[in-house]
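Biologist: Hi! I'm new to this one, could you walk me through it?
Modeller: Gladly, here it is.
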Amino acid sequence: MSGLTVWVDGAGVLGPGLPSWSSSLATLRGERPHVFVPAVLPPPARLPPAERRRAGAAVKLAMAVADEAVAHAGADPQQLATVFSASSGEGGNCHILCETLASDTPMVSPTRFTNSVHNAAAGYWHIAVASRAASTSLGAFDASFGAGLIEAATSVALSGAPILLVASDTPYPEPLHAARPLPDNFGIALVLSATQSSRSLASLRIELTPEPGAPTACEDESLEALRCAIPAACGLPLLQALARDEGRLQTLVLTYLPTLRLNVDVQRVNLPALA
Amino acid sequence: MKALGITGSTLTTGLGAGRAITLEALQAGRTGLAPARFMDVALPTWTGEVSEADAVTLPAALRDFDCRNNRLAWIGLQQDGFIDTVQRARQRWGAHRVGVFLGTSTSGLLQTELAYHRRGPDGALPADYLYATTQNAHSLAAFTAQALGLEGPSSVVSTACSSSAKVFGNAARLIEAGFIDAAVVGGVDSMCLTTLHGFNSLELLSPQICRPWDAGRNGLSLGEAAAFALLERDIDAPQGWLLGVGESNDGHHMSTPHPEGAGAIAAMRMALADASLAPADIDYINLHGTATPSNDSAEDRAVGEVFGNTTACSSTKGATGHTLGAAGGVEAVIALLALQHGFMPGGLNVQTLDPDLHVNYLQHNRSAALRHVLSNSFGFGGSNASLVFGAVR
C-alpha cells in the first residue's frame, strides 16, 4: 500500500503531568517517571476579549498546544492551514446543553450553542491568528489522532504548504463520563512541512496496511494508561520518538481503525549532539 | 485536482427519498417544509422532516447504532441502487481501498438528549444508552462502513454547515495520495433539540417558511437529510465529475459570516483554480442561501465579487430546509441532478426579491444544457467550502 513522507517542524503538548513540550522532554524520553497531575488550561491570551470570555475548555486546550507548536516551529500562524482532530466536541458544554434541554425551561445559551460545534477550536484559532487558510475539523472516535495525522500529512504532501495539526480531547462530566470515561484534558499539536529545512525535527514516513497490528505501547505505565484512555494521547509514542535524541529509525504503529494498521517511521534530524 | 468520477449518488430529504422524487419535486417547485411538529418542541418554525426515520428498524447486526441519525442514513443508503454501486466498487478495489468520509453536525446527539430525560435517581444515564455508536460523531461513518462492508480509512468531518461539502476534499486527497481508490462521501444530519433550541436562541429561525434572497427574509428553516456519493478513480462514464474543491476560513466571528464574504470569496476562487476553470465557465451556482439576513447578504457580495452578477444562482433551501451538516452533500447531489437533466431549480418562497442583493437569482426553474455547477456551503466557526462539478471532465 502507498505512503508518504512529511517533516515535523514543531510540537506542543498539554495533558496530565505533561504541562508543555519543552518541560516534558525528560518524561517523554523516559528519564523521569510520569506522574498524573491534572492538566491546567491557560487562558487563551491570543483571543480578542469577546472571544476570550466565551472560550471553553476545548478552545483553551487546543490553543495552548497550537501556540506551543507554532512557536517551536518558528511558523507564521496566519499562513498555516489547520487540521483539528477530536473524538468529540467539548464534553462539559455538551453536558450543560443536554441538562438544560431536559429541564422544564429548555432555553439554551447562544454562546453554549455556538461553542457546541465540533469546529469551535478551529473557529476561535482562525479568529485569533486572523487566518483565512483552509481548515478542517474531524474525528474518528478512538482513531481520531491517526485520522487527523493522515489528513494533515496528505494535505501537506499534496499542497506543499505547511500545516498545523491539533489533536485534543476534553473529558465529559458525569453522567456522560461513565459512558465515555476520558480521565482529563489532553492535546498534541504538530507543525508539518512537505520538505526538510533547518527547522525540521524529524521525518515521518506514513503508511497504511490492511494487516492488523497492535499499536506501539509507551514503556512508562502511567503514560501507557493515558495512551489507552484518551484518543489524542494515542500520539504519545510519536511524541516520545520526537523527543528522543535517537539517530536510528524508530518504527511505530499508531492507533487507528481496527481494519487498518497505521505505520509511522520516525527519523530524527538536527540532533543536538550533531548540531 | 485530477477530475474524479462520481459513480453513484443519492439523497433523502423532506422532499422524499431518492433522486427521482427529489427531481420531480424540484421541477414542480414543491417544498418539503411544513410547520414544525418534531417531538413536543413548541417553537414557531418550519422544518423539513423525514418522518419515515421514526419507523426504521435497523438490521440486528447494526442494532447498537440505533438512533435517528443512523436510521436516516439507513433510509438514504437503500435508495437509487447505492448499495449495489458501492458493492461493485468494493469488488473492484477491495474493501480496505474504499474510504468513508461523511459530514454531520450533531450525529446521534438526540439519543443523548433523550437519555438525559431518563436519568435515574442517582443522575446516571439509562443502562441502554450507548455512547460510541450513537452520540459520537464517528458513529455515522462507522455505521455506514459496517452497513456497506467497507474497511478503508474513515473519518467524520464536523465543521457545522460546511461538513459534508468538505468531505469531498478529504476523499479526493486520499485518492490522489494513493491511500485509497474510491470513497463514499456525503453527510447525514437529523433533527435534535440542541439545533432547534440553539438556532432559536440565536434568533436565526424564521417563524415562517424560509425565504432565501427575499427582501423580508428573517431566518432559516431547519431540515434533516441523508446524502451519499461514490467517488472513484479511473472511471469512464460516471454520473458526473468532481472537478474542484475550495476550502477556507473567515477568521472573523464564530456565528456570523464575514460581512463582505472574504472567506467565501477565497473558497470559490480556490475551487475554480482547483478545477482549472474561469468564473465564466460556471453555468449555475447552488448557493448556501440560508435565508438569514447576514448569510444571504454576505454570500451575494462574495458571488458578485467572483462571478459578477450574470451567472444564474439559486438556493434550494426553500425546498429542503437547511440540513446543516448534510447540506453540502444534499446540494452536491442536486448539482449532479442539474447537470444530468439540464435544469436549474428556481429558489422557492420569494415574495419580493431583495433589491439590495444583486446576483442573478432564479425565482423560476430554467432548462439549459449545463457544463459546470458550483455549490457553496458555509458554516459556524467561519468554515467555507465550494465544490465544482462537471458534466464532462
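Modeller: Let's start with two helices: H1(B) and H12(B) are roughly perpendicular to each other (angles of 65 to 115 degrees count as such). This is a predicted model, where local features need pLDDT of at least 70, side-chain atom pairs count only at pLDDT 80 or more, and totals for chains, interfaces and linings use all residues. Residues are numbered from 1 along each chain as its sequence is written, with chains lettered from A and ligands numbered from 1 in the order in which they are written.

Biologist: At what angle do the axes of H1(B) and H12(B) cross?
Modeller: Roughly 75 degrees, and the axes come within 11 Å. H1 covers residues 19–28 of chain B, and H12 covers residues 327–341. Axes here are lines fitted to C-alpha atoms over the stretch in contact, with angles from 0 to 180 degrees between N-to-C directions. Helices (H or I, at least four residues) and strands (E, at least two) are DSSP runs, numbered from the N terminus.

Biologist: Which residues make that contact?
Modeller: B:Arg19, B:Thr22 and B:Leu23 from H1(B), with B:Val333, B:Leu337 and B:His341 from H12(B). Contact means that C-beta atoms, placed from the backbone, lie within 7 Å.

Biologist: New topic: how many helices and strands are in chain B?
Modeller: Chain B has twelve helices and 17 strands.

Biologist: And what does its C-alpha trace span?
Modeller: About 60 × 50 × 40 Å along the principal axes of chain B. Buried residues (20 or more other C-beta atoms within 10 Å of their own, C-beta atoms being placed from the backbone) make up 67% of the 393 residues in chain B.

Biologist: Which strand of chain A pairs with S6(B)?
Modeller: Strand S3 (residues 135–139) of chain A, in the antiparallel sense over two bridges. A:Leu138 has B:Val157 as its bridge partner in S6(B).

Conventions: Angles under 35 degrees count as roughly parallel, over 145 as roughly antiparallel, 65 to 115 as roughly perpendicular and the rest as oblique. Two residues are in contact if their C-beta atoms, placed from the backbone, lie within 7 Å. Two strands pair if DSSP finds at least two bridges between them. A residue is buried if 20 or more other C-beta atoms lie within 10 Å of its own, exposed if 12 or fewer, and partly exposed in between; C-beta atoms are placed from the backbone.
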